Protein chains: 2
Amino acid sequence: MPDDSSHDPQELPHDDWRSYGPPQLPRVLESALSAFAEQGYHGTSIRDIAGGAGLSVPGVYHHYRSKQEILLALMVSVMDELLSRSRAALASVSDRPEDRFDVLVESLLRFHMFRRSQAFVASSEIRSLDAENRDRYVRLRDEQQQMITDIVSAGCVSGDFATAYPEDAARAVATLCVGVASWYRDDGPLQPDQLVRRHLGLARALVGGT
Amino acid sequence: MPDDSSHDPQELPHDDWRSYGPPQLPRVLESALSAFAEQGYHGTSIRDIAGGAGLSVPGVYHHYRSKQEILLALMVSVMDELLSRSRAALASVSDRPEDRFDVLVESLLRFHMFRRSQAFVASSEIRSLDAENRDRYVRLRDEQQQMITDIVSAGCVSGDFATAYPEDAARAVATLCVGVASWYRDDGPLQPDQLVRRHLGLARALVGGT
């Protein structure tokens with residue numbers, strides 16, 4: 001695969017899951033991200049993407065066969081980053097469900113504060129993925145959801161959490177974290193650490209934690 | 001204003017806020033809703049909207065001056081329905097914050113179960129509203145959010161609820177309800193009443209209720 005389109009799921013060093021620099025996307029995907037976020041997938045042409053990337057249209061086709069392939073690469077890269085941060089966060093703590101819950105929620109919150117366009121495009125353009133690509137994306141999303149559900153279930157067994165419906169509670173936790181992308185602003189009244197603390201409290205309440 | 005585009009904010013009879021039939025939209029807006037939900041605002045032409053409505057392009061322009069005017073009318077009609085159901089729900093109960101919270105959350109949950117396309121288009125196409133139209137839409141959305149915040153704050157005063165951050169908790173409650181639109185399916189495992197019960201429990205947990 002040509003350099004520009006390659007995106008290896010990276011395993012982050014365990015202490016890096018909290019740090020966010022600018023997203024490291026190949027320039028075609030960076031251009032596609034901003035075009036899809038502004039005009040949506042169907043409102044964006046390959047010409048728009050090429051223009052934003054400083055490439056010719058054939059230059060884009062040199063890296064990707066179609067707009068659909070660009071969308072898939074972008075959405076997979078978003079999930080790869082989310083999943084690798086989640087795994088790094090979990091690898092940084094003990095096996096206690098309470099600790100695992102806290103770092104996973106914190107990681108999800110930070111991702112949705114600092115990767116807002118990515119989160120918006122990923123959630124709004126699932127509709128635009130072809131059936132096969134959608135399955136692939138949804139498997140990654142389900143993997144992330146399952147991480148939360150497993151920890152909530154383990155916490156119910158250990159007595160850390162108390163909810164009669166671990167799966168519903170785990171989905172509500174994900175919804176809470178994902179929702180941050182729709183209202184958080186860098187210049188808003190809540191500082192990142194403050195937001196994390198308050199929403200960690202809300203997430204614990206959802207699973208009947210203390 | 002011509003008949004097809006008129007949409008008076010209706011006050012629902014107090015016992016009707018739980019009932020959902022098919023949405024009563026003028027046919028241009030119904031066509032626009034389904035096109036925007038599938039292809040987004042920028043991926044949809046007036047021709048697409050006309051086709052879906054069984055009208056000619058001039059036929060659409062007879063009712064609306066522009067695609068932007070159609071988007072605004074659609075988004076305002078979505079908020080009008082949401083707000084009028086919320087008001088009807090609140091008018092059906094006493095002044096106790098706990099009762100008011102429960103019916104308002106139930107109404108928001110049902111809306112997001114039965115008006116999924118509307119909720120999706122409203123949240124994904126705020127970006128496509130011109131500045132002035134966006135302000136108008138956001139004021140309606142803020143009005144809905146304020147209803148929740150006021151009840152949560154009143155509940156903190158009365159002792160029904162216990163949260164140090166009523167505003168954050170109220171936003172999390174809205175997020176929980178809105179999120180239902182992204183996963184609820186009519187043929188899914190959760191029956192509507194069951195979903196309402198479980199998510200009412202989650203919403204109460206967010207505000208420190210019992």
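A polar contact is taken here as a pair of N or O atoms within 3.5 Å, where, within protein, one atom must be able to donate a hydrogen and the other to accept it. By this rule, 6 residue pairs are in polar contact across the interface of chain B and chain A, both residues of each pair having pLDDT 80 or more. The structure is a predicted model, and the values reported below are computed from it.

Four helices of chain B each supply at least two residues of the side that touches chain A: helix 1 (27-39), helix 6 (116-124), helix 8 (166-183) and helix 9 (192-206). Of the elements of chain B, helix 8 gives the most to this side, with 8 residues. Sorted by class, the side of chain B that touches chain A holds 12 nonpolar, 9 polar and 6 charged residues.

Salt bridges were also examined at the interface. The rule finds 2 of them between chain B and chain A. In the pair Asp168(B) and Arg198(A), the side chains meet in a salt bridge with an N to O distance of 2.8 Å.

In chain B, 27 residues are in contact with 27 residues of chain A. The size of an interface is often given as the accessible area lost when the parts come together. For chain B and chain A the buried area is about 2,200 Å², and carbon and sulfur atoms give 64% of this area. On the side of chain B, the residues that lose the most area to chain A are Arg127(B), Arg198(B) and Leu202(B), which together account for 25% of what that side buries.

The arrangement of the two chains was then described by superposition. Chain B is brought onto chain A by a rotation of 180° with 0.0 Å of shift along the axis, at an RMSD of 0.0 Å. This is the relation of a two-fold axis. Both copies use the same surface, since 100% of the contact residues of chain B recur in chain A. The residue of chain B that comes closest to the rotation axis is Gly43(B), with its C-alpha at 2.0 Å.

Over all chains, a search of the whole structure finds 30 salt bridges. One salt bridge within chain A joins Arg87(A) and Glu143(A), whose closest N and O atoms are 3.2 Å apart. Arg87(A) belongs to helix 4 (residues 67-91) of chain A and Glu143(A) to helix 7 (residues 131-158) of chain A, so the pair ties together parts that are 56 residues apart in sequence.

Two annotated spans of chain A were considered. An unreviewed UniProt entry lists residues 22-82 of chain A as "domain: HTH tetR-type". This span, residues 22-82, is 72% helix and 0% strand, and its end C-alpha atoms lie 14 Å apart. For residues 45-64 of chain A, the unreviewed UniProt entry gives "DNA-binding region". Residues 45-64 of chain A are 75% helix and 0% strand, with the end C-alpha atoms 13 Å apart.

Methods:
Residues are numbered from 1 along each chain as its sequence is written. Chains are lettered from A and ligands numbered from 1 in the order in which they are written. This is a predicted model: local features need pLDDT of at least 70, side-chain atom pairs count only at pLDDT 80 or more; totals for chains, interfaces and linings use all residues. Side-chain values use heavy atoms; hydrogens and water are left out. Copies are superposed by least squares on the C-alpha atoms of residues with pLDDT of at least 70 in both. Contact means heavy atoms within 4.5 Å. Buried area is the accessible area (1.4 Å probe) that two parts lose on being put together, summed over both. A salt bridge is a side-chain nitrogen of Lys or Arg within 4 Å of a carboxyl oxygen of Asp or Glu. A polar contact is a pair of N or O atoms within 3.5 Å; within protein, one must be able to donate a hydrogen and the other to accept it, and residues adjacent in sequence count only if both atoms are side-chain atoms. Ala, Val, Leu, Ile, Met, Phe, Trp, Tyr, Cys and Pro count as nonpolar, Asp, Glu, Lys and Arg as charged, and the others, Gly among them, as polar. UniProt positions are given in the numbering used here, feature names are shortened, and annotations may be inferred rather than shown by experiment.
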